[in-house]
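Thanks, everyone, for making time this morning. I would like to walk you through one part of a fold, strand by strand, and then stop at a single side chain.

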Amino acid sequence: MPNVTQEIESRFRTSFEEAAKTLSKRFGTIQTRVSAFVSGVDDNVHVLSLECVFTNAKPDEADLLALCITTESLLLKEK
């Protein structure tokens, strides 16, 4: 049985990729990227993200918008 992280990525990655293509096609000044990465002290955080970079943003404006699904194991491992 897949774990929660694998289940989330398998269910949402394709949708994120389709949304990224649609956004890039519809708005020429937005660069998109879908990524998944693991971080945290014990690799206990997994993030699946759809990132939009606004290439025409002014220096004093936000230039990145990201939709993220984050899973994290909060159980502390005994040492």
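What we are looking at is a predicted model, so please take the values as computed from it.

Let me begin with strand β1, residues 30–39, and strand β2, residues 45–54, which pair in the antiparallel sense over 10 bridges. Within that pairing, valine 34 has leucine 50 of β2 as its bridge partner. The hairpin of β1 and β2 has 5 residues between the strands, and glycine 40 there takes a positive phi near 100 degrees.

On to the next pairing, where β2 is joined by 9 bridges to strand β3, residues 64–72, and the two run antiparallel. Strand β2 therefore has bridges both to β1 and to β3, and it is mostly covered, with 8 of its 10 residues buried.

Now to the side chain I promised, histidine 46, which lies in strand β2 and has threonine 71 of β3 as its bridge partner. Is histidine 46 buried or exposed? Its relative accessible area is 12%, and because buried means under 20%, histidine 46 counts as buried.

As for its surroundings, the side chains of histidine 46 and glutamate 9 are joined by a polar contact of 3.2 Å. Leaving aside residues up to four places away in sequence, histidine 46 also touches, among others, Thr5, Ala36, Phe37 and Val38, as well as Ile69, Thr70 and Thr71.

Definitions and conventions:
Residues are numbered from 1 along each chain as its sequence is written. This is a predicted model: local features need pLDDT of at least 70, side-chain atom pairs count only at pLDDT 80 or more; totals for chains, interfaces and linings use all residues. Side-chain values use heavy atoms; hydrogens and water are left out. Buried means under 20% relative accessible area, exposed over 50%, partly exposed in between (1.4 Å probe, protein chains only). Helices (H or I, at least four residues) and strands (E, at least two) are DSSP runs, numbered from the N terminus. Two strands pair if DSSP finds at least two bridges between them. A polar contact is a pair of N or O atoms within 3.5 Å; within protein, one must be able to donate a hydrogen and the other to accept it, and residues adjacent in sequence count only if both atoms are side-chain atoms. Contact means heavy atoms within 4.5 Å.
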